[in-house]
Amino acid sequence: MYKARAFAAASATAPLSPHTIERREPTAHDVRIEILYCGVCHSDLHLVRDEWHAAMPATYPLVPGHEIVGRVTAVGSAVKGFKPGDRVGVGCQVDSDGSCPDCRAGHEQLCANVVLTYNAPDKHTGGVTYGGYSESVVVDERFVLRIPENLDPAGAAPLLCAGITTYAPLRRRHVGPGTKVGIVGLGGLGHMGVKLAHAMGANVHVLTTSPSKRDDARRLGADAVIVTRDPEQMRQHAGSFDFILDTVSAAHDLSAYLNLLRHEGHLTLVGAPEKPFEIPAFALLAGQRTISGSVTGGMRETQEMLDFCGQHNITADIELIPMQRINEAYERLLKADVKYRFVIDMASLKG
Ligand code: NAP
Ligand code: ZN
């Protein structure tokens, strides 16, 4: 074991503060990574504040972070795919059983024994896993990804969660030329959804509560912007969307968005608000619409997404912050005031 500097929350009400954690020495299959950048996902905030208690209770101290980009500093004796100096990424998972039908199909995120990057039982230490708000991490090589060299490493960090979480459902629904796609919520996930759906050739509409984001939405690749608090704009688009991707982090009225779908249209939820939704039956029955959920993505598809972003030169629009400003960043996330992903510069931990 060796010590690593990190930032942790001591309880659901405590701010994040400096903390020292222990990382394992690399086993034969492990890669040790010096973390350069880590994106700030709204899931970090939900978990730090224990908002998902019923589904995923928080264990403290909690070190969040699952949008990791860094450099390999050491590899175990059996590691084939990576060597010191490689530029790599780690996303939302760090282990799985590797043998179940989901793992064999490349859907490690669905494995019953998946190990999340933080706040999950850690078989190596007997404690819990600690995430990327830290100077280093040790990960099984099966869960280490390659970051295309043409991408800015800080801007690439959010691809590891916001990127794959939006890419996977867009692909699953065969989004492309001729598809009218709505992206609800222009935050970290939403802005990646806009860039990716645009690159796939879809007709992209942003559905936002923030009229001030209109110009940015267009610059990011949206063909049109709908301010969802304006009933007239919502009425104009009723029954017209093929697919809607809902990335909203707080409670909201789903039926307003379901009514925008055409007959047999589909809405996928990736946002994970704390409280349950209320869905009127007729919002689904009337147009024979369907609603589904999606969680991150598997390793193969995550690498495919990274390579797609390399080919199309896609990274997140980021605000780079020192680790010490993380609590302020969380307050701004709660106000939908992020343009469009905070990324922590891990050099600030060493200062
Ligand atoms: P974020 O950057 O904070 O963006 C959320 C956006 O939602 C805001 O910018 C805002 O956009 C919109 N919004 C906020 N409050 C709203 C309200 N009351 N009504 C309508 N819209 C509202 O968050 P994020 O990091 O993108 O994460 C979004 C959600 O996805 C979180 O719940 C997160 O936990 C979840 N998530 C899920 C997965 C998964 O695998 N399924 C992975 C990562 C994250 P506008 O200003 O444009 O309205
Ligand atoms: Zn995330």
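Predicted model: local features only at pLDDT ≥ 70, side-chain atom pairs only at ≥ 80, totals over all residues.

1. Shell around the ligand. Ligand 1 is surrounded by 32 residues. The closest of them are His42, Thr208, Thr209, Ser210 and Arg341. By residue class, the shell consists of 14 nonpolar, 16 polar and two charged residues.

2. Origin of the shell. Which helices each supply at least two residues of the shell around ligand 1? They are helix 1, residues 42–48, and helix 5, residues 188–199. Helix 1 gives the largest share, three residues. In terms of domains, at least three shell residues come from domain 1 (2–161 + 297–349), and at least three from domain 2 (162–293).

3. Polar atoms at the ligand. Threonine 209 places a polar side-chain atom 2.6 Å from an oxygen atom of ligand 1. A polar backbone atom of glycine 188 is 2.8 Å from an oxygen atom of the ligand. For a nitrogen atom of ligand 1, there is a polar backbone atom of valine 270 at 2.9 Å. On its own ligand 1 has 920 Å² of accessible area, and the protein covers 92% of that.

4. Nonpolar cores. The largest nonpolar core has 89 residues, and Tyr133 and Ile326 have the most contacts inside it. This core takes at least three residues from each of domain 1 (2–161 + 297–349) and domain 2 (162–293). Another core, of 15 residues, lies apart from it; Tyr257, Leu260, Leu267 and Ala283 are among its members.

5. Cis peptide bonds. The bond from tyrosine 60 to proline 61 is cis, with omega near -5°. Proline 61 sits in the loop between helix 1 and strand 4, the latter being residues 68–75. The bond from lysine 339 to tyrosine 340 is also cis, with omega near -15°. Tyrosine 340 belongs to the loop between helix 11 (326–334) and strand 17 (341–345).

6. Aspartate 50 is not a glycine, yet has a positive phi of about 55°. Its place is the loop between helix 1 and strand 4. Histidine 174, likewise a residue other than glycine, has a positive phi near 55°. That histidine is in the loop between helix 4 (162–172) and strand 10 (180–184).

7. Is histidine 174 buried or exposed? Histidine 174 has a relative accessible area of 70%, so it counts as exposed, the cut-off being over 50%. Histidine 205 is in strand 11, residues 203–208. With a relative accessible area of 7%, histidine 205 is buried, as the limit for that class is under 20%. The side chain of histidine 205 makes a polar contact of 3.5 Å with the side chain of asparagine 203.

8. Glycine 182. This residue is part of strand 10. Glycine 182 counts as buried because its relative accessibility is 0%. Between glycine 182 and serine 249 there are 67 residues of sequence separation, and the C-alpha to C-alpha distance is 16 Å.

9. Glycine 85. This glycine is found in the loop between strand 4 and strand 5, where strand 5 covers 87–90. Why does glycine 85 count as partly exposed? The relative accessible area of glycine 85 is 38%, and the class holds what falls between the buried limit of 20% and the exposed limit of 50%. Glycine 85 and glycine 351 are 266 residues apart in sequence, with 22 Å between their C-alpha atoms.

10. Serine 292. Strand 15, residues 290–293, contains serine 292. The relative accessibility of serine 292 is 24%, so this serine counts as partly exposed. How far apart in space are serine 292 and leucine 245, C-alpha to C-alpha? They are 9.8 Å apart, with a separation of 47 residues in sequence.

Conventions: Residues numbered from 1 in each chain as written. Chains lettered and ligands numbered in written order. Heavy atoms only, no water. Near = heavy atom within 4 Å. Polar contact = N/O pair within 3.5 Å; in protein donor to acceptor, adjacent residues only side chain to side chain. Areas by Shrake-Rupley, 256 points an atom, 1.4 Å probe, with all protein chains shown as cover. Helix = DSSP H or I, 4+ residues; strand = E, 2+ residues; numbered from the N terminus. Nonpolar A, V, L, I, M, F, W, Y, C, P; charged D, E, K, R; others polar. Domains from an automatic or database assignment. Core = buried A, V, L, I, M, F, W, Y, C linked by side-chain atoms within 4.5 Å. Buried < 20%, exposed > 50% of the residue type's maximum accessible area, 1.4 Å probe, protein only.
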